[in-house]
Amino acid sequence: MTGWTRHQGLAVGLPFENVDTDQLIPARFMSAPRSEGYGRFLLHDLRHDANGAPIRDFPLNDPGAEGASVLVARRNFGGGSSREAAVYALADAGFRAVIAPSFGDIFAGNAVNNGLLPARVSEADADALLAATPGDLAVDLEACTITAGERVIGFEIDPVWRTKLINGWDDIDLTRAHAQEITDFIAARRAARPWVWPHGVGS
Amino acid sequence: MSTSLTLFDKIWRAHEIHAREDGASLLFVDRHFVHEGSHHAFRKLAERGQSLAQPELTFGVADHYVPTRGRGKAIADPAIARMVSTLEENAARHGFRLFGLDDPRQGIVHVVGPEQGLTLPGLLINCGDSHTSTHGAFGVFGFGIGATEVAHVLATQTIWQKKPARMRIRFEGTLAPGVAAKDMALNWIARLGTDGGRGAAIEYAGSAVRALSMEGRMTLCNLSIEGGARCGMVAPDTTTFAYLENRPYAPQGAAREQALAAWAELVSDGQAEFDREVVIDAGEIAPIVTWGTSPEDALPISESVPDPARAASESEATRIRASLEYMDLRPGMKLSEIAVDQVFIGSCTNARIEDLRAAAAVLAGRKAKVPGLVSPGSSLVKRQAEEEGLDRIFVEAGLEWVAAGCSMCVGMNGDIVAPGKRCASTTNRNFRGRQGPGARTHLMSPAMVAAAAVTGHLTDARPLLEGRL
Ligand code: SF4
């Protein structure tokens with residue numbers, strides 16, 4: 001994963017609350033290998049009618065939203081399942097940031113692990129940004145601001161996540177630096193609490 | 001400064017390997033459960049050429065994609081067969097224990113873990129599934145993780161976490177007969193919203209929680225995620241310790257004595273502080289059903305479908321309108337007038353033995369007016385239900401009794417609700433399309449689903465339980 005600090009792009013609005021991960025990617029698509037690309041699954045059942053034809057007035061189907069890389073939505077975006085495929089669908093469709101008043105906890109963590117920013121703004125700011133979509137905006141991770149035309153809005157993100165997005169850190173590499181601590185911890189835990197290890201398994 | 005700790009603080013402390021300056025901590029993972037859906041994570045591991053750090057703490061279960069019919073025969077659908085065989089290959093390659101398709105202990109991961117005694121008080125448990133919060137019923141820090149984190153746990157047996165806010169929900173008083181843990185959960189989620197517990201570690205406490213069986217506590221903790229929480233937990237007590245006795249992987253003999261001494265410490269200290277506390281009168285909780293497309297869209301069965309014209313805000317009104325359109329419901333109609341096309345009893349929320357007994361209590365000697373599927377939470381629950389004769393009650397009522405798996409909770413195995421059909425379901429998510437494209441889901445307790453089956457519409461189960469509890 002590569003880090004980033006500034007992104008400028010086209011924002012598209014999804015003016016709904018509770019866009020859960022089952023909407024972001026319906027379960028039936030998740031057995032596909034990632035190498036095939038997940039972008040075409042994004043919001044599949046909201047974007048298409050029962051016959052598979054695109055629904056004309058759905059925001060993401062608007063020709064003016066072509067090439068959008070920022071999504072603006074309402075509260076509890078990405079609630080529901082832990083499926084990281086929801087983030088793959090967004091990332092593979094070209095999105096770099098989602099702006100909403102609140103996010104599903106696991107979704108937000110998954111997003112950060114894939115370089116996708118979950119930016120938290122107030123309900124009023126979300127409404128204002130929605131009103132300006134589709135339209136260009138700029139996101140600054142360093143300053144934690146979103147600039148849309150004349151308007152500059154602050155967003156919130158956990159500092160740990162912010163650092164991670166900026167540096168493009170890989171957790172497994174970071175953890176390797178703690179290998180000795182982990183080994184020591186396991187030895188101590190095993191000595192003090194042998195009952196933690198499953199009965200009848202291993203030594 | 002206080003030396004009083006919450007239950008959560010104690011578990012957190014016991015797992016902290018390293019605390020980084022920015023507030024992230026590296027925590028040790030005692031148990032890691034994987035399933036067919038974990039294929040993305042295994043692929044990441046393979047791409048890095050990495051092996052499993054602690055195979056003996058990793059357990060696999062085939063549940064998300066397994067067919068519930070025709071067990072013992074080859075899987076007909078090639079895509080599903082590939083998902084199940086990929087898990088088998090990964091188990092063989094990495095050397096972890098798998099409860100595979102034909103294992104007598106197979107079942108839904110959050111049912112199997114506790115059943116096998118793998119879930120123990122004081123542990124930290126991860127799984128690439130959001131309902132990992134279920135394990136919190138044992139005083140466990142259990143939480144769902146995404147594929148990148150699954151790969152991290154596989155490779156290191158640790159996870160980076162920021163300490164969540166601590167929240168306590170106390171249910172005081174006594175539940176009325178016919179009211180279940182499911183009703184407690186939907187009650188608080190309806191009250192606080194799907195982001196009401198956002199990211200928090202919830203401890204469920206109070207006399208009504210103490211009175212719950214382990215099955216009930218698992219249902220309550222299971223649904224924590226639907227209220228936006230990271231995890232839910234209940235302090236272990238004699239109910240917990242009794243449940244764990246003689247479970248295959250639970251400590252035995254001297255190890256159990258040592259464990260019991262440690263487990264007794266797993267309570268919130270009297271002076272412990274919570275960031276947020278909510279108190280709910282358990283005696284006032286009525287059987288609840290959902291009407292919309294989010295678990296927060298829940299109301300007592302005696303009420304009516306909400307009217308968007310009376311919503312508190314414009315965005316709220318928009319949301320209600322969209323939900324009602326999808327669910328094909330009229331504002332103001334009585335919830336008990338909603339006719340259903342089918343029922344489903346299953347999932348890690350409500351398919352343990354006690355849930356099946358509660359549904360059977362309503363169904364015994366009665367016929368269902370609509371078709372339905374009953375999928376026990378595990379193959380062992382299935383066997384026990386058959387020993388108790390519950391399967392005959394379901395079949396004689398006209399419902400289909402099938403094998404264990406996630407089944408119609410998520411529809412990955414092909415058990416789906418047809419477009420436009422309405423299902424009364426014991427599951428956890430009434431999201432659009434969750435049970436299949438265009439499916440309409442109403443969440444409720446097992447007894448309430450059984451009552452919907454018998455009457456053909458949503459209804460209060462209590463009159464049907466009269467003299468049967
Ligand atoms: S039963 Fe449903 S919620 Fe539970 S693990 Fe399976 S898919 Fe997830």
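This is a predicted model: local features need pLDDT of at least 70, side-chain atom pairs count only at pLDDT 80 or more; totals for chains, interfaces and linings use all residues.
Trainee: Which radius of gyration does chain B have, and why does the value agree with a compact globule?

Mentor: One compares the value with that of a compact globule of 469 residues, which would be near 23 Å; chain B has 21 Å, so the two agree. Along the principal axes, the C-alpha atoms fill a box of roughly 60 × 55 × 45 Å.

Trainee: What share of the contacts in chain B joins residues 24 or more positions apart?

Mentor: Among contacts with a separation of 6 or more, such pairs account for 75%.

Trainee: Where in chain B is S407(B) found?

Mentor: S407(B) lies in the loop between β17 (400–401) and β18 (422–425).

Trainee: Is S407(B) buried or exposed?

Mentor: The relative accessible area is the figure to read, with under 20% as the limit for buried. S407(B) has 0%, so this residue is buried.

Trainee: Which residues does S407(B) touch, not counting residues up to four places away in sequence?

Mentor: S407(B) touches T68(B), F344(B), L373(B), S375(B), M412(B), N413(B) and D415(B). With D415(B), the side chain of S407(B) also makes a polar contact, side chain to side chain, at 2.7 Å.

Conventions:
Residues are numbered from 1 along each chain as its sequence is written. Chains are lettered from A and ligands numbered from 1 in the order in which they are written. Side-chain values use heavy atoms; hydrogens and water are left out. The radius of gyration is taken over C-alpha atoms; the globule rule is 2.2 Å times the number of residues to the power 0.38. Contact means heavy atoms within 4.5 Å. Helices (H or I, at least four residues) and strands (E, at least two) are DSSP runs, numbered from the N terminus. Buried means under 20% relative accessible area, exposed over 50%, partly exposed in between (1.4 Å probe, protein chains only). A polar contact is a pair of N or O atoms within 3.5 Å; within protein, one must be able to donate a hydrogen and the other to accept it, and residues adjacent in sequence count only if both atoms are side-chain atoms.
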